[in-house]
Amino acid sequence: MRKQQPLTTYDAVKEKALRLLEFRSHSEKELADKLRRYDASEENIELTLDFCRRYGFVNDASFAKRKAHDLFNLKKLGTRRIRNELKMLGIPDEYITEALYELDDEKEQETLLNLAEKKLRGDFSDKNKDKCIRFLIYRGYDIYAIKEAISTLEAIDEI
């Protein structure tokens, strides 16, 4: 692994930030953390973030919405887990709340039901149900919604 060169000038920090943003979007905190790994000064990082904000290269509000949408639709995560993931990326609470508000509650219930069905595979033993509950809690779903989904699947299975 080659040694990373420290970023000593504003232009070098800005160029590195733009190269990082070329590959994917970043939150402001995420981008600043990556620039710190290159020993960039706090002053240059802040100037670079101002530049990126001004030209729309970083926007935590739209980043939160896109990231929440991806975690919800692609990774099938629940709102609690999405909230935690966005918090770890340094997204402010107001943007997190706004992003979660736009997610479809009905689709979350449908996804939860599908995940529970796939995990249980028709085995409603206490051990298997507990395993399923732990799995779904880890994925960020509400315990009451999980139990309701399992009850629904049990009722369907009895018919």
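Modeller: Gladly, and let us begin with a definition: on a 1 Å grid over the protein atoms alone, a cavity is a set of points where a 1.4 Å probe fits but cannot get out, whereas a pocket is an open set with protein on both sides within 12 Å along at least five of seven lines; lining residues have an atom within 4 Å of a point. This is a predicted model, where local features need pLDDT of at least 70 and side-chain atom pairs count only at pLDDT 80 or more, while totals for chains, interfaces and linings use all residues. Residues are numbered from 1 along each chain as its sequence is written, and side-chain values use heavy atoms, with hydrogens and water left out.

Colleague: Which residues line the second largest pocket?

Modeller: Its lining is made of Arg24, Ser25, Phe63, Arg66, Lys67, Asp70, Leu71, Leu74 and Lys75. These residues count as lining because each has an atom within 4 Å of a pocket point.

Colleague: How much space lies in the second largest pocket?

Modeller: About 170 Å³. That volume is the space filled by probe spheres set on the grid points, which are joined across faces, edges and corners.

Colleague: Why is the pair of glutamate 28 and arginine 53 called a salt bridge?

Modeller: A salt bridge needs a side-chain nitrogen of Lys or Arg within 4 Å of a carboxyl oxygen of Asp or Glu. Between glutamate 28 and arginine 53 the N to O distance is 2.9 Å, so the pair qualifies. The pair links distant parts of the chain, with glutamate 28 in helix H2 (residues 28-36) and arginine 53 in helix H3 (residues 42-54), 25 residues apart. Helices here are DSSP runs (H or I, at least four residues), numbered from the N terminus.

Colleague: Which residues are linked with Glu28 and Arg53 in a network of salt bridges?

Modeller: Glu46 and Asp50 join them in that network. For arginine 53 and glutamate 46, the N to O distance is 3.4 Å, so this pair too meets the 4 Å limit. The structure holds 14 salt bridges.

Colleague: What makes aspartate 33 and lysine 29 a salt bridge?

Modeller: Their closest N and O atoms are 2.8 Å apart, so they fall within the limit. Both residues lie in helix H2, 4 residues apart, about one turn of the helix.

Colleague: Why is arginine 53 called partly exposed?

Modeller: Buried means under 20% relative accessible area and exposed over 50%, with partly exposed in between (1.4 Å probe, protein chains only). Arginine 53 has 33%, so it counts as partly exposed.

Colleague: Is glutamate 30 buried or exposed?

Modeller: Glutamate 30 has a relative accessible area of 13%, so it is buried. This residue is found in helix H2. Not counting residues up to four places away in sequence, glutamate 30 touches Arg24, Ser25, Phe63 and Leu89, where contact means heavy atoms within 4.5 Å.

Colleague: How many disulfides are there?

Modeller: A disulfide is a pair of cysteine sulfur atoms within 2.5 Å, and by this rule the count is 0. Cysteine 52 is buried, with a relative accessible area of 0%, and cysteine 132 is buried at 1%.

Colleague: What is the phi of arginine 121?

Modeller: Arginine 121 has a positive phi of about 50°, although it is not a glycine. It lies in the loop between helix H7 (105-120) and helix H8 (126-138). Its relative accessible area is 72%, so arginine 121 is exposed.

Colleague: Where is lysine 76 found?

Modeller: Lysine 76 sits in the loop between helix H4 (60-73) and helix H5 (79-88). Its phi, near 60°, is also positive in a residue other than glycine. At 32% relative accessibility, lysine 76 counts as partly exposed.

Methods
Helices (H or I, at least four residues) and strands (E, at least two) are DSSP runs, numbered from the N terminus.
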